[in-house]
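Work through the exercises below with the sequence and the model open side by side. Try each task before reading its solution.

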Protein chains: 2
Amino acid sequence: MTPPSRDEDRPLAALLAPDLLALLEESPASVAVETEEMHPRDLADVIEALPEERVVDLLAALPDERAADVLGYLEEELRSHILEALPARRAAEIVVEMTPDDRADVLDELTEEAAEEILAEIPTAERLITERLLAFEPDTAGGLMTTDFVSVPADIVVDEALRQVRVLAREGRQEAMYAVYVTDAAGRLRGVMSLRELLAAPDGTRVDDVAWQEVVSVPATADRSEVARLTAEYDLVAIPVVDDERRIVGLVTVDDVIDAIEEEHSEDVQKMGGMEALDEPYMQVGLLDMIRKRVVWLCVLFAGSLLTATVIGRFQDALDRALVLSLFIPLIISSGGNSGSQATSLIIRAMALGEVELRDWWHVARRELASGLALGLVLGVLGFARVLLWHEFGLSAPEAGNQFPVRLAFTIAGALVGVVTFGSLAGSMLPFLLRRLGLDPASASAPFVATLVDVTGLIIYFGFAVLLLQGFLL
Amino acid sequence: MTPPSRDEDRPLAALLAPDLLALLEESPASVAVETEEMHPRDLADVIEALPEERVVDLLAALPDERAADVLGYLEEELRSHILEALPARRAAEIVVEMTPDDRADVLDELTEEAAEEILAEIPTAERLITERLLAFEPDTAGGLMTTDFVSVPADIVVDEALRQVRVLAREGRQEAMYAVYVTDAAGRLRGVMSLRELLAAPDGTRVDDVAWQEVVSVPATADRSEVARLTAEYDLVAIPVVDDERRIVGLVTVDDVIDAIEEEHSEDVQKMGGMEALDEPYMQVGLLDMIRKRVVWLCVLFAGSLLTATVIGRFQDALDRALVLSLFIPLIISSGGNSGSQATSLIIRAMALGEVELRDWWHVARRELASGLALGLVLGVLGFARVLLWHEFGLSAPEAGNQFPVRLAFTIAGALVGVVTFGSLAGSMLPFLLRRLGLDPASASAPFVATLVDVTGLIIYFGFAVLLLQGFLL
């Protein structure tokens with residue numbers, strides 16, 4: 001019988017939590033054995049379904065190393081509560097078993113006081129490493145890296161290197177052993193080989209001759225998006241972090257790169273939706289916190305939108321004489337906003353992937369001008385047809401001033417072409433402008449572009465109206 | 001001296017292409033040696049800057065295996081041109097050196113005819129594997145997987161397993177050797193261990209006792225987003241693909257998972273911008289193709305927006321008597337669209353990450369109702385102030401019908417609260433609705449939500465106007 005594959009709709013946690021709770025009640029000592037073969041991620045899933053006070057008991061019933069593994073997979077909030085609820089010494093015993101990067105991340109989530117207390121209970125060597133990692137910005141290579149990596153001197157032979165690697169593997173401190181780095185006498189990075197390449201090499205060869213001399217590496221200050229880009233481009237499973245002297249100081253592993261990619265993408269999507277990025281999952285972020293992240297941009301956009309009232313105010317005379325013009329205000333400005341939103345999304349994503357650079361702006365501008373004109377013409381024809389058809393079938397009866405349907409139709413069509421073209425152009429250029437100013441191109445949200453286009457769109461619309469209807473409707 | 005770290009603004013390709021071209025001119029035989037230590041990705045970068053007809057000569061000057069590595073990193077379009085320009089036999093010699101998954105991907109990009117010709121020149125064993133991989137949908141685990149993986153029988157001991165792994169490594173066919181799978185006599189997946197765990201295990205131990213029994217795996221039909229989710233959640237570097245009998249048929253490696261994640265992100269962002277997803281990078285997709293991907297949604301949204309003209313048409317009488325109402329139309333509907341865009345982006349992203357499931361809709365609805373009300377109140381107060389301040393300072397002179405500023409201010413404020421609340425609610429529920437209907441939640445673009453809110457927003461606005469101004473301005 002094949003075990004069922006995991007299904008996101010099957011609440012695995014809910015299924016097993018009662019059993020686990022009963023076991024914990026009955027014989028805490030057997031919990032470790034009974035759950036031994038579960039992936040720590042699955043055990044964490046089950047644990048998250050338990051009442052919080054029992055989680056502490058459960059972790060206490062697991063060996064330190066296992067507890068550390070599970071803790072790494074728990075939700076941030078729960079994890080912080082548990083570590084703060086545990087005696088500092090016990091918390092220290094657990095976190096010291098985590099990989100250095102996870103340990104630093106976990107302590108970084110705690111209140112400074114709680115983190116200090118736990119740090120004070122950690123053996124000096126691990127404490128110094130942890131404090132050094134904590135000093136890096138979380139969004140940089142330094143903030144993502146672990147300090148455990150495997151390196152061998154350049155002048156040893158393959159069988160000796162393999163022996164050293166096996167010793168390191170048995171010490172069990174290296175989370176990742178996918179790449180073996182080769183260093184010179186001064187500890188500088190000279191080369192890299194995969195464990196496969198080391199295993200495949202003939203025994204007596206010098207490792208220096210086996211390794212690749214070109215190693216992709218980053219400084220500790222590199223932004224996580226740069227780390228992600230290089231990892232993806234070079235198909236790496238780990239990327240070494242080097243200092244100014246090109247000595248390895250750490251290693252960013254691919255699992256942390258994936259997490260960084262997902263976080264970066266969440267931030268981009270939220271910014272593109274017209275708000276500040278949340279730092280936590282939607283369901284966990286506090287309501288007040290979420291409102292705060294949304295209200296600022298809403299107010300900025302509102303302030304921008306106030307200009308639309310001013311523009312319409314300027315054209316009150318025209319509207320007064322030809323009220324029919326008011327009918328098409330939302331239609332026209334929305335069309336500009338929509339084409340702008342398309343252009344902006346395309347460019348933001350292309351920039352994030354490095355497909356489009358700052359120097360490409362002129363090329364993009366010409367492309368968007370052409371697309372905008374084509375799209376505008378399509379909508380212009382539709383708008384033209386709308387005005388004439390409604391007139392033809394007498395649907396426009398209640399609309400004031402439909403004595404000049406063809407002129408009105410040309411006004412609408414012209415405005416649509418103008419607004420859609422302007423929208424594509426403005427939407428595509430805004431990310432370039434933001435990047436040029438050193439800001440995040442993803443801040444060029446659909447609402448931002450729409451607001452920009454609303455104001456200009458009204459001017460274009462009323463401009464066409466004055467041009468084509470002056471002396472007729474106006 | 002430390003080598004300069006790579007900088008995305010330094011045109012590495014432009015720097016080296018002339019040298020490479022000169023070398024190719026002078027002594028084609030030395031190209032392979034001179035570029036030997038370059039990462040294939042960097043060599044591909046340089047090659048992309050060469051005139052296309054020279055690229056074929058250059059690849060001809062490289063050993064098959066090296067040519068295959070470089071080919072894997074070239075842009076899709078260039079790669080297809082080259083393979084179609086090469087004699088089928090020569091092309092076959094190169095692609096046969098690629099990993100099976102890359103080989104299938106590369107052939108999939110060619111015209112069917114060209115692919116058939118090359119396939120006919122490939123040795124039978126590799127051809128059958130390639131044809132099998134080509135049969136899978138590209139967006140599934142089967143389409144992403146390679147067929148080279150490392151497995152050992154459950155009943156051998158560690159030193160024997162290590163010997164077998166070294167033999168496989170020397171054959172050099174496994175691109176990834178990060179995980180060693182343990183299978184039973186029928187070839188069914190029984191366990192997994194990392195190469196580190198195998199290296200660390202005491203020599204005489206049975207591999208069955210070293211391996212983890214719980215192995216995360218996927219069927220070949222699993223969607224790439226499911227593959228990505230599991231890889232990220234379980235911090236994997238490779239995920240085995242199994243058949244109905246739980247026999248391993250392939251392996252998806254983390255580099256392909258990252259590519260799939262990035263592609264999925266691009267599609268989401270483009271859909272969220274209100275268009276169909278492009279299949280190629282922005283700069284490479286044809287202009288006509290891009291316009292086609294944008295025009296459909298623009299027309300759909302345009303059709304939706306036509307309703308706004310109908311709604312305003314219904315309220316022409318009110319507008320005629322109180323033209324001042326026209327001033328605030330864009331302001332009010334944009335505010336609804338903006339809050340809707342925020343809510344929709346939040347929920348789409350939370351769904352993509354699995355933070356929010358279908359069953360959470362009620363929880364989300366309540367949360368968004370609360371947020372929407374709070375945000376609407378803030379904007380309502382701003383709108384209220386705007387009307388009264390403009391009136392106070394006589395700025396509203398040209399606006400018709402400002403005899404009842406307080407009533408007008410309450411109308412604007414009320415409409416803003418209503419529209420923003422409705423926007424948040426509609427924007428957050430739309431992704432749920434789409435997913436419930438089996439559609440992609442990311443299709444709930446900012447423009448889609450804005451259009452939805454425009455129509456309702458106008459009704460809410462004029463509703464408040466009739467309620468508060470009837471008998472006064474109206």
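The exercises that follow concern a predicted model, and each has a worked solution.

**Exercise 1. The contact between the chains**

Solution. 

**Exercise 2. The nonpolar cores**

Task: In the largest nonpolar core, identify the residues that touch the most other members, then list what A:Val419 touches.

Solution. 
- Step 1. The largest nonpolar core has 132 residues, and A:Val419 and B:Val419 touch the most other members.
- Step 2. Leaving aside residues up to four places away in sequence, A:Val419 touches A:Ile332, A:Ile333, A:Ser335, A:Gly336, A:Val453, A:Gly457, A:Ile460 and A:Tyr461.
- Step 3. Another core lies apart from this one; it has 100 residues, among them A:Ala200, B:Met193, B:Val218 and B:Leu251.

**Exercise 3. The sheet of chain A**

Task: Give the strand order of the open sheet in chain A, name its edge strands, and describe how E5(A) pairs with E6(A).

Solution. 
- Step 1. The three strands stand in the order E4-E5-E6 (chain A), and the pairing is mixed.
- Step 2. Strand E4 (218–219) and strand E6 (248–253) of chain A each pair on one side only, which makes them the edge strands.
- Step 3. Strand E5 (residues 238–242) of chain A pairs with E6(A) in the antiparallel sense, over five bridges.
- Step 4. Two bridge partners in E6(A) can be checked in the model: A:Leu251 for A:Pro240, and A:Val252 for A:Ile239.
- Step 5. Helix H16 (residues 254–272) of chain A packs on the sheet and touches E5 and E6 of chain A. The direction of this helix makes about 65 degrees with that of E6(A).
- Step 6. E6(A) is mostly covered, with five of its six residues buried.
- Step 7. The hairpin of E5(A) and E6(A) has five residues between the strands, and there A:Arg246 takes a positive phi near 65 degrees.

**Exercise 4. The sheet of chain B**

Task: State how E4(B) and E5(B) run and how many bridges join them, and place the helix that packs on this sheet.

Solution. 
- Step 1. Chain B has an open sheet of three strands in the order E4-E5-E6 (chain B), with mixed pairing.
- Step 2. Its edge strands are strand E4 (218–219) and strand E6 (248–253) of chain B.
- Step 3. E4(B) and E5(B) run parallel and are joined by two bridges.
- Step 4. Opposite B:Pro219 stands B:Val242 in E5(B).
- Step 5. Helix H16 (residues 254–272) of chain B packs on the sheet, touching E5 and E6 of chain B.

**Exercise 5. Asp235 in chain A**

Task: Locate A:Asp235, give its phi, and decide whether A:Asp235 is buried, partly exposed or exposed.

Solution. 
- Step 1. A:Asp235 lies in the loop between helix H15 (224–233) and E5 of chain A.
- Step 2. A:Asp235 is not a glycine, yet its phi is positive, at about 50 degrees.
- Step 3. Within 10 Å of A:Asp235 there are 19 other C-beta atoms. Burial needs 20 or more, so A:Asp235 counts as partly exposed.

**Exercise 6. Leu408 in chain B**

Task: Decide whether B:Leu408 is buried or exposed, and compare its separation from B:Ile347 in sequence and in space.

Solution. 
- Step 1. B:Leu408 belongs to helix H22 (residues 405–436) of chain B.
- Step 2. B:Leu408 is buried because 28 other C-beta atoms lie within 10 Å.
- Step 3. B:Leu408 and B:Ile347 are 61 residues apart in sequence and, C-alpha to C-alpha, 35 Å apart in space.

Conventions. Residues numbered from 1 in each chain as written. Chains lettered and ligands numbered in written order. Predicted model: local features only at pLDDT ≥ 70, side-chain atom pairs only at ≥ 80, totals over all residues. Core = buried A, V, L, I, M, F, W, Y, C linked by C-beta atoms within 7 Å. Buried ≥ 20, exposed ≤ 12 C-beta atoms within 10 Å, placed from the backbone. Contact = placed C-beta atoms within 7 Å. Pairing = 2+ DSSP bridges. Helix = DSSP H or I, 4+ residues; strand = E, 2+ residues; numbered from the N terminus. Axes fitted to C-alpha atoms, helices over the stretch in contact; angles between N-to-C directions.
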